[in-house]
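Welcome! Have a look at the structure first, then work through them one by one.

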Amino acid sequence: MPDAAGLGDVAAADMGVTPGLGAGGGPGAARPGRETFRLFVRNKAAVVGVLMLAGVVFMTVAGPSLYDQDPKDIVARPLIGPGELTEARLGTDYLGRDVLAGVINGGGTSLTVAAMAAAMVLVIGIGIGAVAGYYGGWADSALMRFTEFFQVLPALLFAMVVVALFEPSMWTIAFAIGVVAWPGIARITRAEFLRLKNLEFVRAARAVGATDWRIIRKVVFPNALPPLIVSATLIMGTAILFEAGLAFLGLGDPNTTSWGLMIGLNRGNFLTAWWSVTFPGLAIFFTVLSFSLIGDGLQDAYNPKLRGR
Amino acid sequence: MKKWRLLVAVLAVFALVAAACASDDDDDGAAPATTAAPADDMDDGDDHDEDDDGDGMADAHGPCNDGANVGGTLIIGSTQVPRHLNGTVQSGYATAVPGTQLNASPLLYDDEYNPMPYLAESWEVADDGLSVTLHLVQDAVFHDGMPITSADVAFSILTAQAHHPFKPMFAPVTGVDTPDEHTAVINLSQPHPAILLAMSPGLLPVIPKHIFDDGQELPTHPRNTEDFVGSGPFRLVEYEAGTIIRMERFDDFFIEGAPCLDEIVMQIIPDATNIVLGLENGEIDLSVTLGPSANVLRLMENENVTVSSDGHEAIGQIQWLEMNVDDPALSDKRVRQAIAYAIDRDFMIDALDQGLTIPATSGIVTASPFHDSTVNPYDRDVDQAKALLAEAGYGDGDLSLTIDYIPPTQVIYAEYVVQALEDVGINVELSVSPDFPTWAGRIAGRDYQMTINNVWNWGDPVIGVHRSYLSDNIDQGIWTNNTGYSNAEVDRILAEAGQELDAGRRAALYAEFQQIVSDEVPIYYLTTPQFWQAYNPHVQDPPTRTIWGMMSPMHEVWLDR
């Protein structure tokens with residue numbers, strides 16, 4: 001047994017991060033990681049996306065200490081436009097709170113909720129997809145029917161039901177998004193596993209006696225990763241939009257400032273105070289766009305057909 | 001546990017729906033916002049929502065200018081969906097606006113709380129206050145031609161007594177005698193000064209006994225909407241739940257020459273913004289459900305639309321902060337007083353309501369003859385608040401509380417309270433209810449510390465005020481005594497005031513009541529939202545000269561085109 005396990009390791013190490021079909025691809029592809037990076041940076045839009053996301057993350061992480069203003073404090077008269085006040089450069093909302101402080105601090109909630117939701121989506125989606133794809137048979141049928149069940153649910157509506165049942169808070173919102181958004185990932189994972197499980201290197205691992213768990217974990221999964229990484233990136237964007245959507249419909253947690261909540265609460269004043277809605281809206285726009293662009297770049301980078309070009 | 005079961009049930013329903021549709025639609029955000037909509041027609045005690053209401057009444061000279069002003073269609077826009085049209089078993093604005101067109105009541109009210117003849121051409125209250133005699137007009141008929149008699153009045157009163165959510169209106173009624181077809185004698189177990197106000201159009205529509213007295217349960221009676229037979233100036237010709245209520249002039253109405261309009265069409269439009277647009281482009285003539293302040297301000301700037309808040313004084317809406325007095329911290333009067341001193345009512349009016357509300361300083365609205373203007377208004381005083389908290393043993397940051405609010409519209413007031421209390425060193429967290437029933441359940445079950453609430457006076461304190469303070473009315477549902485406040489002296493004063501026929505002595509009793517409650521602050525009163533009504537200038541004599549606003553018959557409204 002130790003022997004067999006050792007051989008399995010070799011198989012996995014060999015195939016490692018290199019996508020199965022693209023192994024040893026083009027002439028200059030000695031280091032797959034570097035090649036992937038090269039392809040990624042060749043996509044200018046993706047680089048812009050990375051820079052945008054870096055900006056958003058910087059603003060979210062460092063912003064609150066650089067701009068020391070509690071987003072919940074009433075700092076001035078309500079509904080004063082941007083540029084008119086030094087204490088609220090982007091204007092004030094319906095309660096007299098600083099919109100700039102809200103935009104800076106709101107990102108933390110939005111990104112955290114999105115990250116938690118994406119993590120949950122990945123865990124559920126990959127778990128179900130991997131088992132279904134790898135084992136096939138009745139397990140596949142059962143799990144795919146289960147997946148389809150969630151796939152046909154109107155996602156936002158279902159998320160609203162979940163949040164309404166369990167009280168709006170960051171956790172329930174992330175949970176709700178996670179519960180509705182995983183079927184796509186499950187299906188991609190299953191498709192990848194179906195494709196990979198009968199390829200030679202997997203068969204080789206099996207032949208030397210590696211356990212299913214080991215094969216799934218060390219052999220198939222690493223090779224199924226690229227499309228999943230791309231999807232996960234896009235899921236982040238979707239989750240941010242979902243969080244905003246729920247908050248817009250009044251199902252946010254008003255104890256924690258978030259971009260979606262700002263839009264939802266201020267939308268009644270949109271015609272008279274555009275700034276209270278527009279700036280958090282722009283923040284969401286740029287964040288989601290950055291995730292889309294990065295996802296796009298990753299797709300290019302992982303696409304074996306682009307290698308060597 | 002229960003929630004999980006509910007979730008499973010919801011999933012099962014989704015599964016059925018999904019199976020039925022058999023499509024495999026991925027997740028786009030196309031879900032309509034239907035599920036989480038606030039339960040607008042939930043009201044059984046009061047109205048809880050943001051909607052404003054209007055006015056009603058008209059001129060003293062000949063009906064419809066002796067026929068010269070007859071004709072035309074009045075289009076009313078409303079966001080409110082009535083459950084049905086029978087106001088003897090259903091309170092609330094949604095039913096009362098069409099209900100008062102379709103059914104007449106014994107009395108009308110002018111804008112100074114004076115009763116005026118309507119179905120009753122005269123009435124007298126016995127000296128001992130234990131009976132009220134109504135003399136009905138002679139030739140009044142229902143829409144099906146049957147005469148309106150004292151038996152119908154008696155039936156209506158007993159129906160309302162049995163089924164109307166406002167129990168105190170007719171609680172003391174022991175029976176109604178009908179010595180002849182046009183005389184009804186209401187017998188009372190105790191003097192009951194509120195009885196005349198309870199004869200108002202919105203509170204006691206006279207319904208036909210020959211239709212409804214068939215053994216079926218009144219609240220679910222099919223004739224509450226179908227083949228509707230009423231006693232009012234207009235008759236129902238089209239009713240589509242949640243869409244349209246079309247009412248035509250009733251030619252045999254008992255007031256000769258009235259109504260002036262040929263037709264009233266109520267269009268139910270869920271989105272107040274669309275009503276505002278309709279008013280602006282002339283598609284809607286009259287509305288009081290205008291939505292947020294911004295909409296009202298926008299209409300005020302439009303010279304083709306008249307905006308007024310006159311005429312709804314009796315409705316007496318109060319937005320307030322109520323506190324659960326059984327909570328360990330909030331059971332201390334000084335803490336409640338400190339909270340009251342911490343809040344800046346004027347800021348709420350100027351900034352949050354943009355000047356469209358007026359201050360409320362006691363549990364009886366300013367417009368009521370029983371309002372006591374000498375109570376402590378608790379104008380903002382941060383030092384005083386801090387001193388009171390220190391006295392109660394709470395230093396800066398020692399006290400943490402939660403605040404509930406009616407979702408979604410009241411969140412801004414709750415958010416403000418959080419900020420205001422932070423200034424005096426109290427940490428407050430918002431307690432979020434996803435929808436109206438959740439909130440109502442929490443408050444009625446007293447699973448809260450503080451909440452913003454919105455409760456209406458409904459004309460007489462007996463109807464709309466007593467319920468929030470009587471110790472035998474604690475936790476009887478939402479809009480009862482939800483603070484847990486219990487004071488034997490207050491109970492005694494209210495019991496006495498509810499039976500006092502002399503207006504002066506009654507006012508003195510209510511003043512005493514307001515002083516005690518103001519000192520003990522189980523409730524801190526914030527504002528009286530106004531019922532802003534907007535109408536196009538060709539609408540003449542809109543219901544602004546009454547105390548009941550649009551919950552009044554519009555038989556004297558006419559169109560000057």
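Two strands count as paired if DSSP finds at least two bridges between them. Keep in mind that this is a predicted model.

**Exercise 1.** Find out how E13(B) and strand E18 (residues 523-529) of chain B pair, and over how many bridges.

Solution. Step one: the pairing of E13(B) with E18(B) is antiparallel, over four bridges. Step two: pick out one residue, Gln319(B), whose bridge partner in E18(B) is Thr527(B). Step three: turn to strand E17 (residues 450-456) of chain B, which runs antiparallel to E13(B) and is joined to E13(B) by seven bridges. Here Gln319(B) has Asn454(B) in E17(B) as its bridge partner.

**Exercise 2.** Decide how many residues of strand E13 (residues 317-323) of chain B are buried, and which way they point.

Solution. Begin with a general point: side chains in a regular strand alternate between the two faces of the sheet. In E13(B), Gln317(B), Gln319(B), Leu321(B) and Met323(B) point one way, while Ile318(B), Trp320(B) and Glu322(B) point the other way. Both sets are buried. Seven of the seven residues of E13(B) are therefore buried, and the strand is largely enclosed by the rest of the structure.

**Exercise 3.** Work out the strand order of the open four-stranded sheet in chain B, and say which strands stand at its edges.

Solution. The order is E4-E5-E7-E6, with antiparallel pairing. Strand E4 (120-125) and E6 of chain B each have a single partner strand, so they stand at the edges and one side of each has no neighbour in the sheet. From one strand to the next, the twist averages 20 degrees.

Now look at one pair in detail. Strand E6 (residues 173-180) and strand E7 (residues 183-188) of chain B are antiparallel, with five bridges. A hairpin of two residues joins E6(B) to E7(B). Asp180(B) is opposite Thr183(B) in E7(B), and Val173(B) has Leu188(B) in E7(B) as its bridge partner. Finally, helix H3 (residues 150-163) of chain B lies across strand E5 (131-136), E6 and E7 of chain B, and runs at about 170 degrees to E6(B).

**Exercise 4.** Is H9(A) roughly parallel or antiparallel to H10(A)?

Solution. Two packed helices are described by the angle between their axes and the distance between the axes. Helix H9 (residues 200-207) and helix H10 (residues 212-251) of chain A pack at about 150 degrees, with axes 10 Å apart. Angles over 145 degrees count as roughly antiparallel, so H9(A) is roughly antiparallel to H10(A). Their crossing is right-handed. The residues that meet are Phe201(A), Val202(A), Ala205(A) and Arg206(A) in H9(A) and Ile215(A), Val219(A) and Val220(A) in H10(A). By class, this contact has six nonpolar, no polar and one charged residues.

**Exercise 5.** Is H10(A) roughly parallel or antiparallel to H11(A)?

Solution. H10(A) and helix H11 (residues 259-266) of chain A pack at about 30 degrees, with axes 7 Å apart. This angle makes H10(A) roughly parallel to H11(A). The crossing of H10(A) and H11(A) is right-handed. Among the residues in contact are Leu246(A) and Phe248(A) of H10(A) and Trp259(A) and Ile263(A) of H11(A). The contact has eight nonpolar, four polar and one charged residues.

Key
Residues are numbered from 1 along each chain as its sequence is written. Chains are lettered from A and ligands numbered from 1 in the order in which they are written. This is a predicted model: local features need pLDDT of at least 70, side-chain atom pairs count only at pLDDT 80 or more; totals for chains, interfaces and linings use all residues. Axes are lines fitted to C-alpha atoms, for helices over the stretch in contact, and angles run from 0 to 180 degrees between N-to-C directions. Angles under 35 degrees count as roughly parallel, over 145 as roughly antiparallel, 65 to 115 as roughly perpendicular and the rest as oblique. A crossing is left-handed if the near helix is turned anticlockwise from the far one by less than a right angle, and right-handed if clockwise. Two residues are in contact if their C-beta atoms, placed from the backbone, lie within 7 Å. Ala, Val, Leu, Ile, Met, Phe, Trp, Tyr, Cys and Pro count as nonpolar, Asp, Glu, Lys and Arg as charged, and the others, Gly among them, as polar. A residue is buried if 20 or more other C-beta atoms lie within 10 Å of its own, exposed if 12 or fewer, and partly exposed in between; C-beta atoms are placed from the backbone.
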